[in-house]
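Subject: Structure handover

Hello,

Here is the structure for your files. My notes on what was found follow below it.

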Amino acid sequence: MSGPYDPRAIANLMLDEADRRGWKITNLALQKLLYFAHGIHLTKTKRPLVSGYFEAWQYGPVHPAVYRAFKPSGSAPIINRAAAKDPLTGKTRDLPKPTDLEVIDLVSDVMRSYGHLPPGRLVDLSHAKDSPWSVVVDKARTDVAFGMRIPDDVIIARFRHHKVSVGTSPRAGEPPSDDAPFA
């Protein structure tokens, strides 16, 4: 397997899978799905699935580059795909689709397991006690957490704390349809 992949390419793959299943995915939900895929991959292989980093935002882990790519969708289901932009010419081009079967299978598994859950349920799962998100948020309350980043070593050490429950109803009600960094 090569990698790490451009996170927008993995996000595009997730959106394609959602389309095949007739599911509508918002940016808020996409962030959690991408994070779960990255965490599962990290714990299995000790290698990152995507380049860049996740941050602890109010409603869970967010990959800033993916958030920016789909921000124009607002709280509506995403219908476009992320593209790469040449910094010199400003021209956009399609991102290469991952062809590694392990990665395609991982994305398919994550989407089958979590893609049908409402965003509030995904937020609940991402907020699990002692999870990477929770550790970074708790640390920030007492210490300086640089940019609220969730380091890959913390994900590897703490990802097991995400408990998967069968229910599809969120505990805290539906969150707002968009996320924001902690102020």
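This is a predicted model: local features need pLDDT of at least 70, side-chain atom pairs count only at pLDDT 80 or more; totals for chains, interfaces and linings use all residues.

In what follows, contact means heavy atoms within 4.5 Å.

Asparagine 12. This residue sits in helix 1, which covers residues 7-21. Asparagine 12 has a relative accessible area of 9%, and the cut-off for buried is under 20%, so asparagine 12 counts as buried. Neighbours within four places in sequence aside, asparagine 12 is in contact with Phe70, Arg81, Ala82 and Leu95.

In general, nonpolar side chains in soluble globular proteins tend to be buried together. Here the largest nonpolar core holds 44 residues, and the members that touch the most others are Met14, Leu30, Val110 and Tyr114. At least two residues each come from helix 1, helix 2, strand 1 (54-57), helix 3 (64-70), helix 4, helix 5 and helix 6. Helix 2 gives the most, with nine residues. As for leucine 30, its contacts beyond four places in sequence are Ala11, Met14, Leu15, Ile25, Val66, Phe70 and Ile78.

Helix 5. This helix runs over residues 119-126, and because seven of its eight residues are buried, it is largely enclosed by the rest of the structure. The buried ones are Gly120, Arg121, Leu122, Val123, Asp124, Leu125 and Ser126. Their cover includes helix 2 (27-45), strand 2 (60-62), helix 4 (101-114) and helix 6 (132-142).

Regards

Terms used:
Residues are numbered from 1 along each chain as its sequence is written. Side-chain values use heavy atoms; hydrogens and water are left out. Helices (H or I, at least four residues) and strands (E, at least two) are DSSP runs, numbered from the N terminus. Buried means under 20% relative accessible area, exposed over 50%, partly exposed in between (1.4 Å probe, protein chains only). A nonpolar core is a set of buried Ala, Val, Leu, Ile, Met, Phe, Trp, Tyr and Cys residues joined through side-chain atoms within 4.5 Å.
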